[in-house]
Amino acid sequence: MTLIKEKYNRRSFMKVSTMAGGGIMLGVSWLQSCAPEQAEVLGIPETWVDMNAFIKIGDNGVVTIYSPNPEIGQNVKTSMPMIIAEELDVDWKNVVVEQAPYDISKYTRQLAGGSQSIRQGWTSLRTAGATVRRMLMEAAAKEWQVPVGELTTENGVIKHSSGKSIGYGAVASAASGMEVPQDVKLKDPKDFKIIGQSKKNVDAPKIVTGQPLYGIDIKREGMQIAAIVHPPAFGMKVKSVDDTAARAVSGITDVVIVNTEPAEKQWSDTNAFTELVAVVGKSTWQVMKAKKALKIEWTQDTPAESTIDHNQKLASALAKSSEAARENGNPGRAFANAAQVVEREYSAPFLAHNTMEPMNFFADVKEGSAELVGPIQTPEYLSKSAASLLGIPEENISIDMTRMGGGFGRRLYGHFALEAAAISQKVGTPIKMVYTREDDMAQGTYRPAYQVKYRAALDANNKMTALHVKGSGIHGSPVFADRFPAGSVDNYLAENEGVESNISAGAWRAPRSNFMAGIENAFLDEVAEAAGKDPIDFRLELFDRAINDPIGERNDYDPKRYAGVLEEVKKKANWGTATPGVHRGVSAYYCHNSYVAQVLDIEMKNGTPRVKKVWCVVDCGVVVNPGAAKNQIEGGIVDGIGHAMYGQLTFKDGAPEQQNFDRYRLIRQREAPLEIETFFINNGIDPTGLGEPSLPPIMGALANALYKATGERFYNQPFIQNEIKLG
């Protein structure tokens, strides 16, 4: 355990916070400091030396590492500093972690999305640590007048072959003046001591003790609270506002109409409601009460849509002819000559993100400058949009990223931050804007609604000779034309169609894959059954073709790694061994550069299915923090099962019919799998995606197991429409 905790009193805490440069989120590896033996005490440094954008070193060897990317629950605030610490060769227990400020001149890709933080940062983070280690060694070599090649490092100490040693803190100042080396040698992975070891979340103590950490916790001198009223349905606008009664509520200081549409939009500016009414006051209770007292007249600007409309438009899009996104061989002839054709259609509804921490943001907009603080996955694009909206140069806008209480793609779209900025500018005071659950669910940027049709042709020998997939979706098709089974079938056709709508849709955890993985695996099971083949053996046949004689040149997956996870889960789950009362489903999918295969077991209890166990094999390259990685996998599996079973957002008269958890069903704790066993393929490949890849395929494994358990196929999400619940 890090004894740092016992050295931190209030005064020293404030001191190190201040020295860290506006660090509102000081994270200390407190939990590493809980071992029973209290040795190796390190106190608070008297001075710090900035080594580069990621690292500063105290005079006693304590190291602060800045984590550059937004923390959304994917654990990058711990894992990214672990990579730096590894190459710096410092003892993890002497590391203090802080959230880096938004600064794309120092940090690249400060974004949380696409499960890419570790993959994209892997080399630069390692280089940052290795560079500082080299500069420290050169400083020691200069002081000792010895060749740097005679030096080694270990846990923050530089050693000479003569036996001399010196801590990093003692040479940090001199090292900071050394010339930055152009080339540094990175560690051989076999020498990793931190990477590959489970480290506890650096924010865990604050999370479990309720200390300020999230955007919703922000408090500032003179800050007021703001609440907003959006139009009650998509397609509506404000016509007039009578705020007499609202202004009469105690504590209310202002009621304003603001427009949040930037002149220069970024890709993240997708919000359908750019004009809203804001109530500003002294407390959350007061502004919520005043919201209810507003009398607002709305006008219909574009047609009010419904789920019935959406389903008809999606079906029409599937029925019309489309331009092929990919075509191999002669699918038309193959289907004409088929001995058997399997054809199925699948659908999925809109989904809300439902972040546990509601949307919120702090804004203090002054003449010519703005301070923005809150939970945002895309600070770079927020900065650009805010500059355009406020008419303030981007360099005069500061953004601090707080930890996020969930995101799943919701906080990619920073319109809620723009709303806070517009309100602050209008009323002339710092404000914290806070959504209710209904504010978010009624006007979110949702997972799109989809419909997809599959057709497969089998010849007389039950070989799949052709596959045709066509998809339609609100604002775009979900079909990935170059993913498996493309490349494994002689005759292949993929087609896409999009449907326009005034409902705002966008990324939701594992975009598009969150639907395609489930239905692809459900369909392949039906084709395997029609062919009289084991579903895993059937898939492996396809992978053999993609490995040995691939079709086409744009196959964006590695069939050997794909087959590898499937073969491994087959072995781990002891596939092929029947257990009385247990019904199994299998799935495999590639997304976010990683490969996942799963086997899900269901047992029936009094006629109700219960998920007994899930085996999950993941090929995501090097696993930086195994404990946290397993958490990500398990979370994705539970989330995927829940949304496959229950998640849906339906529309009537332009408004979602589910605006809170009384009507939007989430998975219950008792419905989670009794056991999840996760295995990682150890292949030494650089890390790939982890936060999202376990969610998409579990929907297919669940559908296939439910079929075995109930005899019923599931073609439309949520499965609860088939009048089935988990026990």
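Which residue lies over the face of Trp508? Arg447 does, at 5.9 Å from the ring centre. The model is predicted: local features need pLDDT of at least 70, side-chain atom pairs count only at pLDDT 80 or more, and totals for chains, interfaces and linings use all residues. Residues are numbered from 1 along each chain as its sequence is written, and side-chain values use heavy atoms, leaving out hydrogens and water.

**Charges over rings**
- Arg483 lies over the face of Phe480, at 3.5 Å from the ring centre.
- A charge sits over a ring if NZ of Lys or CZ of Arg is within 6 Å of the ring centre and within 35 degrees of the ring normal.

**Aromatic pairs**
- The structure holds 23 aromatic pairs (rings of Phe, Tyr and Trp, the last by its six-membered ring, with centres within 6.5 Å; planes under 30 degrees apart are stacked, over 60 edge-to-face, the rest tilted).
- Tyr454 and Phe523 are stacked, because their ring centres are 4.9 Å apart and their planes are at 15°.
- Tyr454 is in strand 20 (residues 450–458) and Phe523 in helix 14 (residues 513–531), so the pair ties together parts 69 residues apart in sequence.
- Helices (H or I, at least four residues) and strands (E, at least two) are DSSP runs, numbered from the N terminus.
- Tyr454 is buried at 3% relative accessibility, and Phe523 is buried at 1% (buried is under 20% relative accessible area, exposed over 50%, partly exposed in between, with a 1.4 Å probe and protein chains only).
- One aromatic cluster is formed by Phe484, Phe543, Tyr557, Tyr562, Tyr590 and Tyr595.

**Helix packing**
- Helix 15 (residues 535–548) and helix 16 (residues 559–572) pack at about 155°, with axes 9 Å apart (axes are lines fitted to C-alpha atoms, for helices over the stretch in contact; angles run from 0 to 180 degrees between N-to-C directions).
- The two helices are therefore roughly antiparallel (over 145 degrees; under 35 is roughly parallel, 65 to 115 roughly perpendicular, the rest oblique).
- Residues of helix 15 that meet helix 16 include Phe543 and Leu540; those of helix 16 include Tyr562 and Leu566 (contact means heavy atoms within 4.5 Å).

**Backbone features**
- A cis peptide bond, omega about 10°, joins Phe484 and Pro485.
- Pro485 is in the loop between strand 21 (464–474) and strand 22 (491–499).
- The bond from Gln717 to Pro718 is also cis, with omega near 0°.
- Asn574, not a glycine, has a positive phi of about 55°. Asn574 is partly exposed, at 45% relative accessible area.
- Asn606 has a positive phi near 55°. Asn606 counts as exposed, at 85% relative accessibility.
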